[in-house]
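Please open the model in your viewer and keep the selection panel at hand. The stops below are meant to be followed in order.

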Amino acid sequence: KYTNNRILLEADAKRNSVLCLSEIYYPAWQAKVDGKSSKVYRSNYCFRAIPLEQGSHKIELYYDSAAYAKGKWISLSTLLLAVAGIFISRKRKAKIQE
């Protein structure tokens, strides 16, 4: 399964190996192998790689950026303050016109 911020896949490693993905490496990408956190390495200068032990595995890669989360909350707060400012401004204008 492949979405913008999450990739789910299964792999069957015949021996200890490294799963290489042709996805651009970025430090905010995290991985879980069989539900346990795993390090995501840079491979071939710009791709992602995850070490796998021998056997069948369920792998989850997900985007988890603290900067993105912080920016999202700052943007939402700014939007709410702007809407509140417009509402208050219109109320004051209506009182002045009375």
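Select H57 to begin: with a relative accessibility of 9%, this residue counts as buried, where buried stands for under 20% relative accessible area, exposed for over 50% and partly exposed for what lies in between, with a 1.4 Å probe and protein chains only. The model is a predicted one, in which local features need pLDDT of at least 70 and side-chain atom pairs count only at pLDDT 80 or more, while totals for chains, interfaces and linings use all residues. Residues are numbered from 1 along each chain as its sequence is written, and side-chain values use heavy atoms, with hydrogens and water left out.

H57 belongs to strand β7, residues 55-63; strands here are DSSP runs of E with at least two residues, and helices are runs of H or I with at least four, numbered from the N terminus. Show the side chain of D34 next, since the side chain of H57 makes a polar contact with it at 2.7 Å; such a contact is a pair of N or O atoms within 3.5 Å, where within protein one must be able to donate a hydrogen and the other to accept it, and residues adjacent in sequence count only if both atoms are side-chain atoms. Beyond neighbours within four places in sequence, H57 is in contact (heavy atoms within 4.5 Å) with L9, E10, A11, V33, D34 and L52.

Because E60 lies in β7 and R6 in strand β1 (residues 6-13), the pair ties together parts that are 54 residues apart in sequence. R6 is partly exposed, at 35% relative accessibility.

How many salt bridges does the structure hold? There are three, another being that of D12 with K14, at 3.6 Å between the closest N and O atoms, and here both residues are exposed.

Now select R48 and E23, whose salt bridge has its closest N and O atoms 3.9 Å apart. R48 sits in strand β6 and E23 in strand β2, 25 residues apart, and both are buried.

Finally, display the open antiparallel sheet of three strands, ordered β2-β6-β5; strands pair if DSSP finds at least two bridges between them. β5 and β6 (residues 47-52) pair over three bridges, and R48 in β6 is the bridge partner of R42.

Notes:
Salt bridge = Lys/Arg side-chain N within 4 Å of Asp/Glu carboxyl O.
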